[in-house]
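User: I'd like to learn how to read a few features of a fold, one at a time. Can you walk me through them?

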Amino acid sequence: MKLQHSLAALLLFAGTALAEDDCRLDLSESRLDFGLMNRAVASAPAAEHLLGERRLSLTLNCPQPGDMSLFYRALAAGTERLRLGDGGSYRVQVHDAVLDGHAVQLGLLAGPGQAPAQIGTSLAWRADHGIVPLHDGQPATGRSFAAQLQVSAWARDEAIRVRDAETWEASAQVDAPTSGRSRELQLQARFAPTACTPTLANNGTVDFDKLSVSDLHRDKDTALPARALSLTVSCDGPTPFALVMHDNRAGSATGGIDETAYGLGLDARGQKVGRYYLLVDPARASADNLPQLYRTDSTTGGAAWSSASASAIPLGARSLLGFTATAGSTEGPNALQNLSALLSLKAFVAPLDSLDLSSEVRLDGSATLEITYF
């Protein structure tokens, strides 16, 4: 019984293999990659941007004449476009069709066995529609059918304004219903925010030198002389961005809860040493060829922006700070490519009576300046 069961399985497998040799459906590419895009390489502002065009060929070969119709199974994104990710679309244009060595026209089928809804030498392949070679305007049978495909992809302008890297993917299937053959096609497009690089003078180090106890107050905060710190931001292309700062010594700032105050570390007994602020003055900033900059800030993560102002403001840990060329604007940051600003760092040392002076007390502030894209 075991031998008979094994023989039956072997015969069934061989029969399946022979059936698969009846017709062969092929795509020259099984995966189309439209590459990496960011806003710096996008064209001029438009409702959507062309991601590129890719070309491939398909062939259907059968040993006996038969129905050569092929269907495209994918998610639609309009009449002649197909869905690519959440913000993109693509179109498959079929052209240069050849049946048994002869150039032929194409028909677009809404379903198997239906009359062509469109006829032409080049057709947009719609979702769940078929294409078929025609002879005298009627579907033709044959042994060998070949056609070229041009695949064009687009992304909506707002969709490429990403803050983090994203990958869009789509899958489709080319289906030959009569022969039971199909081939899968994968499509991909990748997006990244435009790269902006912030640089602080002296690697971001501000040195107050050695302070004498005689220069500090025992019963109140001591304000130290302000220090200037140069900041430059260089982007691959014009990009709307904002600044935010994160305290690497969180919880060590004196003076209560204030998102603009950053800690100077703790002394040997764990007492707070002081705090500092990093002020941005639009009058001491310039960008590209703009005559003047104004600052605008958001406490809602960019959902709403304050009226653009020329007044100085300290960088916050929860508020975004951007720049615009229009006074009073509430539209948020302008797209800038090169920004230069002279920042002012103001530090305050806690009263000496609150500190452990049995050993050296260090001003040990540390923060990270972050760029957020829009």
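**Strands, burial and cores**

Analyst: Let's start with pairing: strand β20 (residues 274-280) and β25 run antiparallel and are joined by six bridges. Strands here are DSSP runs of E, at least two residues long, while helices are H or I runs of at least four, all numbered from the N terminus. Two strands pair if DSSP finds at least two bridges between them. Before going on: this is a predicted model, where local features need pLDDT of at least 70, side-chain atom pairs count only at pLDDT 80 or more, and totals for chains, interfaces and linings use all residues. Residues are numbered from 1 along each chain as its sequence is written, and side-chain values use heavy atoms, with hydrogens and water left out.

User: Which residue of β25 is the bridge partner of Arg275?

Analyst: Phe348 takes that place.

User: How many bridges does β25 (residues 335-349) make with β17, and how many with β18?

Analyst: With β17 there are two, in the antiparallel sense, and Thr222 has Val349 as its partner in β25. With β18 there are 10 bridges, again antiparallel, and Thr239 stands opposite Leu336.

User: Now burial. Is Phe241 buried or exposed?

Analyst: The general idea is a cut-off on relative accessible area: under 20% is buried, over 50% exposed, and partly exposed in between (1.4 Å probe, protein chains only). Phe241 sits in strand β18 (residues 227-247) and is buried because its relative accessibility is 2%.

User: What does Phe241 touch beyond its sequence neighbours?

Analyst: A contact means heavy atoms within 4.5 Å. Leaving out residues up to four places away in sequence, Phe241 touches, among others, Cys196, Val233, Pro333, Leu336, Leu339 and Thr372.

User: And what about Thr372, where is it placed?

Analyst: Thr372 belongs to strand β26 (residues 367-373). Its relative accessible area is 10%, so Thr372 is buried. Seen from this side, the contacts of Thr372 include Phe241, Arg163, Pro240 and Leu320.

User: How do I read backbone phi?

Analyst: Most residues other than glycine have a negative phi.

User: Where do Asn203 and Asp209 lie?

Analyst: Asn203 is in the loop between β16 (196-200) and β17 (222-223), and Asp209 lies in the loop between β16 and β17 too. Asn203 is exposed because its relative accessible area is 78%, and Asp209 counts as exposed because its value is 57%.

User: Last one: which residues have the most contacts inside the largest nonpolar core?

Analyst: In soluble globular proteins, nonpolar side chains tend to be buried together. A nonpolar core here is a set of buried Ala, Val, Leu, Ile, Met, Phe, Trp, Tyr and Cys residues joined through side-chain atoms within 4.5 Å. The largest has 48 residues, and those with the most contacts inside it are Leu70, Tyr72, Tyr90, Trp125, Phe145 and Leu187. Strand β13 (residues 141-156) gives the most to this core, with six residues. A second, separate core has 37 residues, including Ala285, Phe323, Ala341 and Tyr373.
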